Amino acid sequence: MRKITINLYSLMARKRVRTVSEVAQETNISGKALYKIINGQTRRIDFETIAKLCEYFNCETGDLIVFEDMQEVG
């Protein structure tokens, strides 16, 4: 099975951003919303949010949104 994940921590490390709060402040996206996105607790993300994150990290959507295999238990 595969799942979609948001590669935010990796992009933060690449840009040397230390906290999600810093991303929130610079992008005008709430910290609560960012944590939900990071932890997979959201079911959808607005195009505006994706655009803000891609602009902030100077990346493409494929760098931000990753489609990966889930590890199966058993």
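**Close-up views of a predicted model**

View 1. Not counting residues up to four places away in sequence, T5 touches L64, I65, V66 and E68. The model shown in this and the following views is a predicted one. T5 lies in strand β1, which covers residues 2–6. With a relative accessible area of 19%, T5 is buried, since buried means a value under 20%.

View 2. Helix α4 runs over residues 47–57, and its buried residues are T49, I50, L53, C54, Y56 and F57. When the helix is seen down its axis, these buried residues fall within an arc of 165 degrees, so they line one face of α4. An α-helix has 3.6 residues a turn, so residues three or four places apart point the same way. On the face of α4 that is turned away from the buried side, the exposed residues F47, E48 and E55 are found.

**View 3. The elements against which α4 packs.** The buried residues of α4 pack against the helices α1 (8–15), α2 (20–27), α3 (31–38) and α5 (61–64), and also against strand β2 (65–69).

**View 4. The largest nonpolar core.** This core has 19 residues, and those that touch the most other members are L8, M12, V23, L34, L53, F57 and L64. At least two residues of the core are supplied by each of α1, α2, α3 and α4, and the largest share, five residues, comes from α4. In soluble globular proteins, nonpolar side chains tend to be buried together.

**View 5. V23 and its contacts within the fold.** Once its neighbours within four places in sequence are left aside, V23 is in contact with M12, V17, L34, L53, Y56 and F57.

**View 6. Two asparagines with positive phi.** N28 is found in the loop between α2 and α3, and although this residue is not a glycine, its phi is positive, at about 65 degrees. N28 is exposed, with a relative accessible area of 66%. N58 follows helix α4 and has its place in the loop between α4 and α5. N58 is likewise not a glycine and has a positive phi of about 55 degrees. At 70% relative accessibility, N58 counts as exposed.

Definitions and conventions: Residues numbered from 1 in each chain as written. Predicted model: local features only at pLDDT ≥ 70, side-chain atom pairs only at ≥ 80, totals over all residues. Heavy atoms only, no water. Buried < 20%, exposed > 50% of the residue type's maximum accessible area, 1.4 Å probe, protein only. Helix = DSSP H or I, 4+ residues; strand = E, 2+ residues; numbered from the N terminus. Arc of directions from axis to C-beta. Contact = heavy atoms within 4.5 Å. Core = buried A, V, L, I, M, F, W, Y, C linked by side-chain atoms within 4.5 Å.
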